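Here are my notes for your first look at this pair of chains. Keep the viewer open and follow the points one by one.

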Amino acid sequence: MTRWNPKAAWVVIIAAVLAALTARFMLDANGFGLPGGDNAGLLMSLRIDRGVMAALVGVTLAVSGVAMQALLRNPLAEPYILGLSTGAGLGIMAQGYLALQLGIAATTGGAGAFIGTVVTLAIVYLASRRNGVIDRLGLLLVGVVLATINGALIMLLNYLAGPGVLRDNLMAWMMGMLQVRGLGWQDGLAAGVCAGFLALLLLKGRALDIATLDDDEAAALGIHVGRLKAVLLLSASVLTATAVLIAGPIAFIGLIAPHLARQLLGPIHRPLLIGSALIGAALLITADVASDFVASLNEHVGQIPIGIFTAIIGGPVFLWILRPQLGRGME
Amino acid sequence: MANAVVNRCLLVLMLSLTLLFAIACDQQASGPSDPSQAVPEDQPTIVSLTPAITQMLIDMGKRDQLVGVSQDDDASLGLPVCGTYNQPVIARIVELSPDLVLTESPMGQKSDVPPLLRSIADEGVFDLRVIPHSRSIADVERALIDAEVGLGAAIGDPEAAERARRLMSLRIELVSAVLEGVDRPRVLMLLNPTTLGAIGTGVTHDELLRLAGGTNALAHVKTGYLTLSRSQLQETVRPDVVLILEPNGSELADGDPRLRAFENLSIPVVTSRRFSVIDHPQTLLPCTTLPEVLVEMAVVLHPDRAAEIREAYDTAELVIQQPEDADEDGA
């Protein structure tokens, strides 16, 4: 499965992270080069903040992707299929709508996003359990149905609210964004959560490898499959919620990073987790830099939201990765 | 077979990306501007993050002080784009080093502003003022002259704001005076004729319509914006006139697709063919250009009074000018 020499693979991954960070520090919406003038320090700190935030979100999404793919034993699985991003979107919309009705100042909707994510997660978890065991197909179906329901409720609130700030904020948030807030205590907390779950998954690395076998075989080899699934579901969901809270729904990183890591490092979960995390960071930093690069080409246009960029770049890359697997169903 | 399909998809995607990139590069109209050159030294340089504020500043005679505008502003201003009020391009704003950044929120509170913009302002890099978003003509007046949150106070020129307010108010007063006692047709105002997205009550355009000598065909609804069905059009709304509010919209032609929702209905407007596009570039902005939109609406609704309406509008400037001339003569 491993196509690369492990040392060469690690060199490539680390070089990609360093290249992305270098690009991040050398470029912003104003152009390429180190910032100058009175505000040079501030401009540089903005670049650093963006780099750190993008890396954090990238790592979080990538690790949650690995967890979800292990949970569903499906390399195409992705946290968003559980409807968590639309759950967060619904929470934001509901919070904004409530603020509008009560005539109080709107906020960024962080509390609403968190509640929306947690409620969605709880419903997904409870509805997909059969006799205390999480049913994989049931999990997918419940996720898809919840995403549809959440989407419909968002549209309903959108309709009731009418044009204005609430719609604008939701649209902006749904496109994914990193640039409107500096690093804060929330990011420290998010980093802690991410590190904690990454460590937990690394500890469970061997169990994850064995769990790629059939449930019965894994159980015969001493793995408590039910407990492992619960850990994976919790990890994927909390990590996704964390990333969504920081940057909105950002697509494809949770899919592409684990795929690239598998190509470079093989399917063993411990190196796969670390490799995916690094690749996720590099990918999101690169997408953020690319967004700035396009803005820097023309001062008469604004910035493309990073979520749009990851989808534009991630879609073709994902199809490219998928090529060898397509057509197998027809053979 | 499947691979061939994927290859074609990838080719199309790559070509699309190339095209996107080419368009972005093509829009590189000019090199980095130095907007501070034209601004008098004792005047603050301003970045406006909403088109309504930009327009009010221009009408206050402050065009020269603008160094950056929002993504939704008229591109012909030729100023660097600094994003939108909820997704500002922070690095570009900092690079422009404005003295003042102006944005909007429903409540006129700083807490509604993106946190990073707020925190940079708190560091003293620029002054940040939040103007309350307007939902009525009185709100626009307040946004101009309020001693605490008004534009005049924000830019340190309350006289200019008061002049702009007086001119706007007088224009509205004189134009509406021409229309006193006229027959008031039932008017349906549409934001989106395809989906029948309509304007209800309690918003600026409802107020403008009354002043323009019309009756809102949706006066019975309690909401500002709503989507209608064809059966509602036929049974309850039954407008005499339909105004499509579309900034820079094209004129309606025979068989115009925008009027498909009205096909085969038996209502007065279909018989009279009184469909019109209100195409003023600032049609939807609650700002100092409201009198111009009012004139456009009034002329459509009462074409027999068109000359009087336009004369009343022009008179306002003369009326405002006369006391100033008299003051100068006295001096």
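1. Let's begin with two helices in chain A. The axes of helix 2 (residues 40–72) of chain A and helix 12 (residues 269–297) of chain A come within 7 Å and cross at roughly 140°. That angle makes helix 2 of chain A oblique to helix 12 of chain A; angles under 35 degrees count as roughly parallel, over 145 as roughly antiparallel, 65 to 115 as roughly perpendicular and the rest as oblique. Axes here are lines fitted to C-alpha atoms, for helices over the stretch in contact, and angles run from 0 to 180 degrees between N-to-C directions. Ala, Val, Leu, Ile, Met, Phe, Trp, Tyr, Cys and Pro count as nonpolar, Asp, Glu, Lys and Arg as charged, and the others, Gly among them, as polar.

2. A word on how to read this. The model is predicted, so local features need pLDDT of at least 70 and side-chain atom pairs count only at pLDDT 80 or more, while totals for chains, interfaces and linings use all residues. Residues are numbered from 1 along each chain as its sequence is written, with chains lettered from A and ligands numbered from 1 in the order in which they are written.

3. Which helix packs against helix 2 of chain A with axes 10 Å apart? Helix 7 (residues 185–203) of chain A does, at an angle of about 30°. That makes helix 2 of chain A roughly parallel to helix 7 of chain A. Helix 2 of chain A passes helix 7 of chain A in a left-handed crossing. The residues of helix 2 of chain A that meet helix 7 of chain A include A:Met53, A:Leu56 and A:Val59 (in contact means C-beta atoms, placed from the backbone, within 7 Å). By class, 11 nonpolar, 1 polar and 1 charged residues make up the contact of helix 2 of chain A with helix 7 of chain A.

4. Chain A has 13 helices and 4 strands, and chain B has 12 helices and 10 strands; helices (H or I, at least four residues) and strands (E, at least two) are DSSP runs, numbered from the N terminus. Buried residues make up 50% of the 331 residues in chain A and 42% of the 331 residues in chain B. A residue is buried if 20 or more other C-beta atoms lie within 10 Å of its own, exposed if 12 or fewer, and partly exposed in between.

5. Have a look at helix 8 (residues 204–211) of chain B, where the buried residues include B:Thr204, B:His205 and B:Leu208. Among the elements that the buried residues of helix 8 of chain B pack against are helix 5 (137–145) and strand 5 (186–192) of chain B. Just after helix 8 of chain B, B:Gly213 takes a positive phi of about 80°.

6. B:Leu196 has a positive phi of about 55° although it is not a glycine. B:Leu196 sits in the loop between strand 5 and strand 6 of chain B, and counts as partly exposed because it has 19 C-beta neighbours inside 10 Å.

7. Finally, confidence. The mean pLDDT of chain B is 85 (pLDDT is the predictor's confidence in each residue, from 0 to 100). Over residues 20–37 of chain B, pLDDT stays under 50. Where pLDDT is low, the predicted coordinates should not be read in detail.

Terms used. Contact = placed C-beta atoms within 7 Å. Left-handed = near helix turned anticlockwise from the far one by under 90°.
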